[in-house]
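Reader: I'm new to this one and would like to go through it bit by bit. Can you put it up first?

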Amino acid sequence: MKKNYSFYSVFILCFLVSCASYGDSLLYFNKDAKINAIKTVLYFEPEVFPDITEIKDPTFSAFYNATSDKMKSIGNVKYLQVNTSIPFDEVDSKTVKEICKNNNADVAVIPKVKYFKVGFGKYVFSNQVVVSLKLYDSNGDFVMETSYDTYKGNARLLGSAENSVIIGTKGAIRKMEKELRNRQVILRKAS
């Protein structure tokens with residue numbers, strides 16, 4: 001007997017299974033990566049696309065509020081904010097290594113926030129974001145890249161752009177934390 005699932009039943013099933021996980025993705029993982037205990041995480045200022053001056057300050061504020069909240073929930077990990085951005089697609093590993101060394105950081109996160117509009121023609125329903133994070137160890141070695149798409153993850157059409165940045169940032173960090181834990185990349189726990 002062939003089952004015919006309607007859009008509505010698939011939509012309900014999606015929420016029962018948690019749609020939030022549909023927005024996150026692991027884009028790259030270095031299989032050889034091993035990190036000693038993570039005591040300090042350094043976050044660079046996110047690269048914002050499109051490069052519009054008016055949206056940068058609210059984006060930075062929302063991004064750092066989300067990272068601060070998420071890092072508090074993780075536990076014994078120190079959180080550092082660096083008010084310098086590194087081009088997301090052209091990361092200089094020597095610079096990352098030097099900044100980690102100068103700040104006594106175990107890992108560094110290079111973020112990017114990409115805005116896009118959802119709607120039809122001239123009717124725009126909402127601004128959504130894709131938050132991408134690249135994780136580097138203190139030696140400047142690329143460990144992983146994760147991202148979170150707020151439109152795919154939450155299927156939300158209402159809400160502010162700042163709220164989209166917060167949801168996307170927390171989703172990308174959650175994915176990164178999950179992958180580090182599942183793949184046992186961290187050699188020993190921080191004390």
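Reader: Where is Ser138?

Author: Ser138 sits in the loop that joins strand S6 (123-137) to strand S7 (142-149). Helices (H or I, at least four residues) and strands (E, at least two) are DSSP runs, numbered from the N terminus. This is a predicted model, where local features need pLDDT of at least 70 and side-chain atom pairs count only at pLDDT 80 or more, while totals for chains, interfaces and linings use all residues. Residues are numbered from 1 along each chain as its sequence is written, and side-chain values use heavy atoms, with hydrogens and water left out.

Reader: What does Ser138 count as, by relative accessibility?

Author: Ser138 counts as partly exposed, because its relative accessibility is 29%. Buried means under 20% relative accessible area, exposed means over 50%, and partly exposed is in between (1.4 Å probe, protein chains only).

Reader: And what does Ser138 touch, not counting residues up to four places away in sequence?

Author: Ser138 touches Lys97, Cys100, Ala105 and Asp106. Contact means heavy atoms within 4.5 Å. Ser138 and Lys97 are 41 residues apart along the chain, and 5.4 Å separates their C-alpha atoms.

Reader: What about Lys101, where is that found?

Author: Lys101 is in helix H4. Lys101 counts as exposed, at 69% relative accessibility.

Reader: Which residues of H4 are buried?

Author: In H4, residues 93-103, the buried ones are Val96, Ile99 and Cys100. They are on the same side of H4, because they cover an arc of only 100° around the axis. The arc is that of the directions from the helix axis to the C-beta atoms.

Reader: Why do residues three or four places apart point the same way?

Author: An α-helix has 3.6 residues a turn, so residues three or four places apart point the same way.

Reader: Which residues are exposed on the other side of H4?

Author: Those are Lys94, Glu98, Lys101 and Asn102.

Reader: And what follows H4?

Author: H4 is followed by Asn104, which lies in the loop between H4 and S5. Asn104 is not a glycine, yet its phi is positive, about 55°. With a relative accessible area of 63%, Asn104 is exposed.

Reader: On to S5. Is Lys112 buried or exposed?

Author: Lys112 is in strand S5, residues 107-120. Lys112 counts as buried, at 16% relative accessibility. Leaving aside neighbours within four places in sequence, Lys112 contacts Glu47, Phe49, Phe88, Asp89, Val130, Val131 and Ser132.

Reader: Phe49, then. What is the peptide bond from Phe49 to Pro50 like?

Author: That bond is cis, with omega near 5°. Pro50 is in the loop between strand S3 (47-49) and H3.

Reader: At what angle do H3 and H6 pack?

Author: H3 (residues 53-74) and H6 (residues 161-182) pack at about 40°, and their axes are 8 Å apart. That makes H3 oblique to H6. Angles under 35 degrees count as roughly parallel, over 145 as roughly antiparallel, 65 to 115 as roughly perpendicular and the rest as oblique. The axes are lines fitted to C-alpha atoms, for helices over the stretch in contact, and angles run from 0 to 180 degrees between N-to-C directions.

Reader: Which residues make the contact?

Author: On H3 they include Pro58, Ala62, Phe63 and Ala66, and on H6 they include Val165, Ile166, Thr169 and Ile173.

Reader: Where is Glu179, and is it buried or exposed?

Author: Glu179 lies in H6 and is buried, with a relative accessible area of 9%. Not counting residues up to four places away in sequence, Glu179 touches Leu26 and Met144. The C-alpha atoms of Glu179 and Met144 are separated by 9.0 Å, and the two residues are 35 apart along the chain.

Reader: Last topic, the whole protein. How many helices and strands?

Author: The protein has 6 helices and 7 strands. From the N terminus on, the elements run α-α-β-β-β-α-β-α-β-β-β-α-α. Of its 191 residues, 41% count as buried.
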